[in-house]
Amino acid sequence: MKKILNQRGFMMLNVIFLTVITALAAMILINAAPRARNPQATLRLTALYVANEQLAQLESLAAAGNELTTANLVKPEDLKTANFSTGEPLEFTVDTKIGGGNPHKVTVTVSWSVKGQPDSIKVERTIWVAD
Amino acid sequence: MLVEFAIALPLLILILYALGLVSVNIFRLSRDQLADYVLESEARYAMERITYVARAAKAIEINGNYHIKIVHHSVKDLKDTTDNGYYPKDLAINSTAPFARYFMDRDVWETQIFVATPAKDRDYKYIYAQHQENVRNNPITGANFFGDTQVLSMKFSELNEKVLRIELEMESRLTKHKIKIATAVFMPGLEKLEITQ
């Protein structure tokens with residue numbers, strides 16, 4: 001009888017101990033999950049808007065009758081962003097390719113790299129140059 | 001019977017305390033992640049709405065920071081008879097071709113105002129999408145269940161001929177993380193852009 005009563009207290013202790021260990025393991029796993037530290041999703045959104053800005057500038061040139069250019073027409077302060085939690089500023093690189101014929105198929109590639117990991121998005125639009 | 005528990009009890013209490021701390025930590029991580037997602041989602045939604053409306057703009061009036069008034073092309077239900085000053089009613093009704101009349105009757109210019117202004121009883125800003133001035137009943141950001149957000153700045157400027165540059169900076173009131181996005185939209189039908197203040 002005494003032996004069983006002895007084990008009851010330690011059984012409960014063991015149950016709670018195991019619960020704590022599991023909870024600690026869960027916390028370690030959540031911390032280690034790449035999505036919590038992955039800044040790429042927010043950066044992709046920002047980069048998409050930078051690409052849209054370049055394309056809007058090209059559309060304006062085209063509507064005025066000017067030829068399209070591969071130069072960077074984005075405002076310089078929009079190329080720098082701090083949209084993720086590590087706090088280091090980041091700079092986008094905008095690359096424009098213009099297809100032949102009229103309307104032109106314009107491809108804008110915005111690329112960046114976070115801690116040595118590069119990433120990029122590509123946006124295409126068809127722009128017609130006015131006569 | 002309680003003697004055995006007495007041996008384990010202090011350790012038990014410590015372990016329960018540790019369990020509580022760890023649970024709170026797990027909850028906090030998840031809550032912050034959701035709040036950051038809500039922030040990004042709201043910033044994207046507000047930006048998409050403004051660019052969508054600005055794309056079809058006929059006239060733009062920028063009234064200082066935080067305020068823009070866009071008169072844009074829209075398709076309206078014929079049953080709505082309020083005259084907002086831009087409805088080409090006589091032009092539509094006199095048309096003889098029934099197909100053209102169907103579209104011309106519904107072809108209207110609408111006024112859309114995006115303004116970031118403090119919400120009622122609050123000192124931080126939400127973005128409101130209204131049709132009239134001085135009315136605040138349609139917030140398109142903020143008061144989300146998973147985390148409230150506020151607008152830090154909403155700037156509009158003319159980047160080039162017929163190009164409107166929109167810069168939006170928002171912050172999550174829960175995690176204090178900021179997001180700043182800027183884009184430009186080309187407005188092919190723009191006739192007038194006015195910047196006041």
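The model is predicted: local features need pLDDT of at least 70, side-chain atom pairs count only at pLDDT 80 or more, and totals for chains, interfaces and linings use all residues. Residues are numbered from 1 along each chain as its sequence is written, chains are lettered from A in the order in which they are written, and side-chain values use heavy atoms, with hydrogens and water left out.

**Chain A**

Chain A has three helices and five strands, in the order α-α-α-β-β-β-β-β along the sequence. Helices (H or I, at least four residues) and strands (E, at least two) are DSSP runs, numbered from the N terminus. Of its 131 residues, 40% count as buried. Buried means under 20% relative accessible area, exposed over 50%, and partly exposed in between (1.4 Å probe, protein chains only).

**The contact between the chains**

Chain B brings 35 residues to the contact and chain A brings 37, where contact means heavy atoms within 4.5 Å. The area buried between them is about 3,300 Å², with carbon and sulfur atoms giving 67%; this is the accessible area (1.4 Å probe) that two parts lose on being put together, summed over both. Four salt bridges are counted between chain B and chain A. A salt bridge is a side-chain nitrogen of Lys or Arg within 4 Å of a carboxyl oxygen of Asp or Glu. On the side of chain B that touches chain A, the elements that give two or more residues are α1 (2–55), β5 (149–160), β6 (163–172) and β7 (178–186) of chain B. Of these, α1(B) gives the most, with 19 residues.

**Salt bridges**

Over all chains, the structure holds 18 salt bridges. The table lists some of them.

| Pair | N to O distance |
|---|---|
| Glu59(A) and Arg125(A) | 3.1 Å |
| Asp32(B) and Arg31(B) | 3.2 Å |
| Glu167(B) and Lys180(B) | 3.7 Å |
| Arg165(B) and Glu53(A) | 4.0 Å |

Glu59(A) forms a salt bridge with Arg125(A). Glu59(A) lies in helix α3 (residues 40–63) and Arg125(A) in strand β5 (residues 117–127) of chain A, so the pair ties together parts 66 residues apart in sequence. Glu59(A) is buried at 9% relative accessibility, while Arg125(A) is partly exposed at 23%.

In chain B, Glu167(B) pairs with Lys180(B). Glu167(B) is in strand β6 and Lys180(B) in strand β7, 13 residues apart. Glu167(B) is buried at 3% relative accessibility, and Lys180(B) is partly exposed at 37%. Both belong to a network of salt bridges that also links Glu53(A), Lys75(A), Glu77(A), Asp78(A), Lys155(B) and Arg165(B).
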